[in-house]
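Subject: Structure handover and findings

Hello,

My notes on what turned up in it follow below.

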Amino acid sequence: MPETVRGPVADLGATLMHEHVFGLSPEILWNWPDIPEGWDLETRAREAAGKLEALKAEGIDTIVDLTVVGLGRHIPSVQRVAELTSVNIVAATGLYTYDALPPYFGNRGPGSLFGGPDRLAEFFVRDIVEGIGRTGVKAAMLKCASDHLGMTKGCERVFRAVAEAHLETGAPITTHSHSASEGGLEQQRLLGSLGVDLGRVVIGHAGDSTDVAYLEELVANGSYLGMDRFGIETISSFEDRVSVVAAMCERGHAGKMVLGHDSYCFNDRFDADVVRQRHPNYHLLHISRDVVPELRKRGVTDDQLHQMLVDNPRRIFT
């Protein structure tokens with residue numbers, strides 16, 4: 001059974017595959033606790049739970065929280081949210097960087113100043129098998145990233161560690177990719193060369209692309225497509241995002257797409273008022289209220305929507 005923050009569940013139901021509960025900057029919060037954004041766990045947990053309950057009312061049962069090290073993951077805070085909501089929250093492990101590793105890892109391991117073993121895979125496996133920190137919450141998905149800089153040395157170390165942890169535990173992998181440079185293909189080449197079954201990989205942010213040929217190549221290589229930034233319209237417009245999903249469904253690829261927003265219930269890295277003004281659709285309810293109805297208008301069937309929201313996530317985690 002898939003693991004969630006509250007423990008294993010028999011069925012995830014309708015699932016958004018790329019979301020975040022909290023994005024936190026620990027050193028900022030430790031040193032300047034009076035920042036305007038403010039951090040009070042109980043206040044923020046109740047806000048987050050309210051947003052998730054509104055999502056539940058729209059028919060979504062589960063979110064995959066892809067906040068990993070590098071994005072401010074703090075599982076005890078997410079546990080408090082899980083106590084207050086009926087929505088399942090799936091936790092992830094991995095490390096988020098586009099370039100260099102954080103010094104803790106950058107100064108250890110192969111090619112580093114001091115050398116020694118690479119502990120990344122060890123930590124990822126521990127999160128999946130034993131639980132994250134002392135919480136007992138087991139991660140159910142691995143995450144790695146590369147962006148416009150391509151597969152830097154730091155990114156490659158994370159991908160290699162994620163592949164090692166995947167082969168040891170069987171946990172699926174999701175990526176952050178840069179669609180403009182067709183970065184998903186580079187990610188597939190590396191993961192495939194490391195023995196990863198690409199059918200167990202979600203190429204995240206594939207939905208940023210309007211190049212159907214690129215998306216079909218990713219699918220032909222076996223991976224799922226993360227159509228997972230609905231609401232971030234500065235990268236790709238609502239029209240383009242919906243059109244691409246509809247086109248891929250028409251071409252028979254509904255069984256290879258998952259949906260999401262890449263949204264946060266609370267994120268101290270951005271000014272919330274500015275985000276609301278510039279990205280008014282960047283919130284957890286956008287897919288349910290706006291995207292799904294528009295997809296139906298464009299000929300996407302209920303069976304295809306069920307594949308993207310229910311069947312594909314279930315298959316990825318089992």
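This is a predicted model: local features need pLDDT of at least 70, side-chain atom pairs count only at pLDDT 80 or more; totals for chains, interfaces and linings use all residues.

The largest pocket holds about 800 Å³ of space. Its lining consists of 27 residues, and V69, G70, R73, L95 and F105 are the closest to its centre. By class, that lining splits into 13 nonpolar, 8 polar and 6 charged residues. Five elements each supply at least two residues to it: α1 (26-31), α3 (75-84), β5 (88-94), α4 (103-106) and α5 (120-129). Helix α5 gives the most, with 4 residues.

The second largest pocket has about 600 Å³ of space. It is lined by 22 residues, of which K51, Y264, C265, A272 and R276 are the closest to the centre. Two or more lining residues come from each of α2 (41-57), β11 (264-267) and α10 (272-278). Here the classes divide into 11 nonpolar, 4 polar and 7 charged.

Cores

The largest nonpolar core has 84 residues. Which of them have the most contacts inside it? They are L52, V81, I89, L215, L225 and M227. Helix α6 (residues 153-169) brings the largest share of this core, with 7 residues. There is also a second, separate core of 19 residues. Among its members are L66, V68, A145 and Y224.

Not counting residues up to four places away in sequence, I89 touches T4, V5, V21, L52, I63, D65, V78, V81 and A82. Two of these, L52 and V81, are also on the list of residues with the most contacts inside the largest core.

Helix α7

Helix α7 spans residues 183-193. Its buried residues are G183, G184, L185, Q187, Q188, L190 and L191. What do they pack against? The partners are β6 (141-145), α6, β7 (173-176), β8 (201-203) and α8 (212-220). Just after α7, G195 takes a positive phi of about 95°.

Backbone points to check

Most residues other than glycine have a negative phi, and most peptide bonds are trans. Two residues here are worth a look on that score. E182 is not a glycine, yet has a positive phi of about 55°. E182 sits in the loop between β7 and α7. E182 is partly exposed, at a relative accessible area of 33%. H205 is not a glycine either, and has a positive phi of about 65°. H205 is in the loop between β8 and α8. Is H205 buried or exposed? H205 counts as buried, at 1% relative accessibility.

Cysteines

How many disulfides are there? The count comes to 0. C144 is in no disulfide, and the nearest cysteine sulfur, that of C155, is 8.9 Å away. A disulfide needs two cysteine sulfur atoms within 2.5 Å. The sulfur of C155 has its closest cysteine sulfur in C144, at 8.9 Å, so the pair is too far apart for a bond. C144 is buried, with a relative accessible area of 0%. C155 is buried too, also with a relative accessible area of 0%.

Contacts across the sequence

L309 lies in helix α12 (residues 302-317). L309 is buried, with a relative accessible area of 12%. L309 and D61 are 248 residues apart along the chain, but their C-alpha atoms are separated by 9.9 Å. Leaving aside neighbours within four places in sequence, L309 is in contact with G13, A14, T15, L16, I60 and L259.

P26 lies in helix α1. P26 is partly exposed, with a relative accessible area of 37%. From P26 to H74 is 48 residues in sequence and 9.3 Å in space, C-alpha to C-alpha. Helix α1 is also one of the elements that supply at least two residues to the lining of the largest pocket.

Best regards

Definitions and conventions: Residues are numbered from 1 along each chain as its sequence is written. Side-chain values use heavy atoms; hydrogens and water are left out. Buried means under 20% relative accessible area, exposed over 50%, partly exposed in between (1.4 Å probe, protein chains only). On a 1 Å grid over the protein atoms alone, a cavity is a set of points where a 1.4 Å probe fits but cannot get out, and a pocket is an open set with protein on both sides within 12 Å along at least five of seven lines; lining residues have an atom within 4 Å of a point. Grid points are joined across faces, edges and corners, and a volume is the space filled by probe spheres set on the points. Ala, Val, Leu, Ile, Met, Phe, Trp, Tyr, Cys and Pro count as nonpolar, Asp, Glu, Lys and Arg as charged, and the others, Gly among them, as polar. A nonpolar core is a set of buried Ala, Val, Leu, Ile, Met, Phe, Trp, Tyr and Cys residues joined through side-chain atoms within 4.5 Å. Contact means heavy atoms within 4.5 Å.
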